[in-house]
Amino acid sequence: MKILAIESSCDETAAAVVEDGRNVLSNIVASQVEEHKLYGGVVPEIASRKHIEKINSAWSTRR
């Protein structure tokens, strides 16, 4: 069985595919560090928009 896991923190969006509970087939993390550097910390409005933009590319990218 394959499981798709999607996670987001305050400034990262991630997706992983795991097979049989142990074999990691893919693990992608999209960071927002560069977008928030200018402000000296995470800006919630920017972070929420970036999650929406990055989630499609995170789960559709294959490693």
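Among contacts between residues at least 6 apart in sequence, 28% join residues at least 24 apart in the protein chain. The model from which this value was computed is a predicted one. The protein chain has 63 residues, of which 22% count as buried. Its accessible surface comes to about 4,600 Å², and carbon and sulfur atoms account for 56% of that surface.

**Overall arrangement**

Two helices and three strands make up the secondary structure of the protein chain. Along the sequence these elements follow the pattern β-β-β-α-α.

**The sheet**

The three strands form an open sheet in the order β1-β2-β3, with antiparallel pairing. β1 (2–8) and β3 are the edge strands, each of which pairs on one side only. From one strand to the next, the twist averages 10 degrees.

| Strand pair | Bridges | Direction |
|---|---|---|
| β1 and β2 | seven bridges | antiparallel |
| β2 and β3 | eight bridges | antiparallel |

Individual residues illustrate both pairings. Lys-2 stands opposite Glu-19 in β2, while Ala-16 has Asn-27 in β3 as its bridge partner.

**Asp-20**

The loop between β2 (12–19) and β3 (23–31) contains Asp-20. The phi angle of Asp-20 is near 55 degrees, a positive value in a residue other than glycine. Is Asp-20 buried or exposed? Asp-20 counts as exposed because its relative accessible area is 60%, and the cut-off for exposed residues is over 50%.

**His-36**

His-36 lies in helix α1, which comprises residues 33–37. Its relative accessibility is 4%, and His-36 therefore counts as buried, the limit for that class being under 20%. The side chain of His-36 makes a polar contact of 2.8 Å with the side chain of Gln-32.

Which residues does His-36 contact when its neighbours within four places in sequence are left aside? They are Asp-11, Gly-41, Val-42, Val-43, Ile-46 and Ala-47.

How values were computed
Residues numbered from 1 in each chain as written. Predicted model: local features only at pLDDT ≥ 70, side-chain atom pairs only at ≥ 80, totals over all residues. Heavy atoms only, no water. Helix = DSSP H or I, 4+ residues; strand = E, 2+ residues; numbered from the N terminus. Buried < 20%, exposed > 50% of the residue type's maximum accessible area, 1.4 Å probe, protein only. Pairing = 2+ DSSP bridges. Axes fitted to C-alpha atoms, helices over the stretch in contact; angles between N-to-C directions. Polar contact = N/O pair within 3.5 Å; in protein donor to acceptor, adjacent residues only side chain to side chain. Contact = heavy atoms within 4.5 Å. Areas by Shrake-Rupley, 256 points an atom, 1.4 Å probe, with all protein chains shown as cover.
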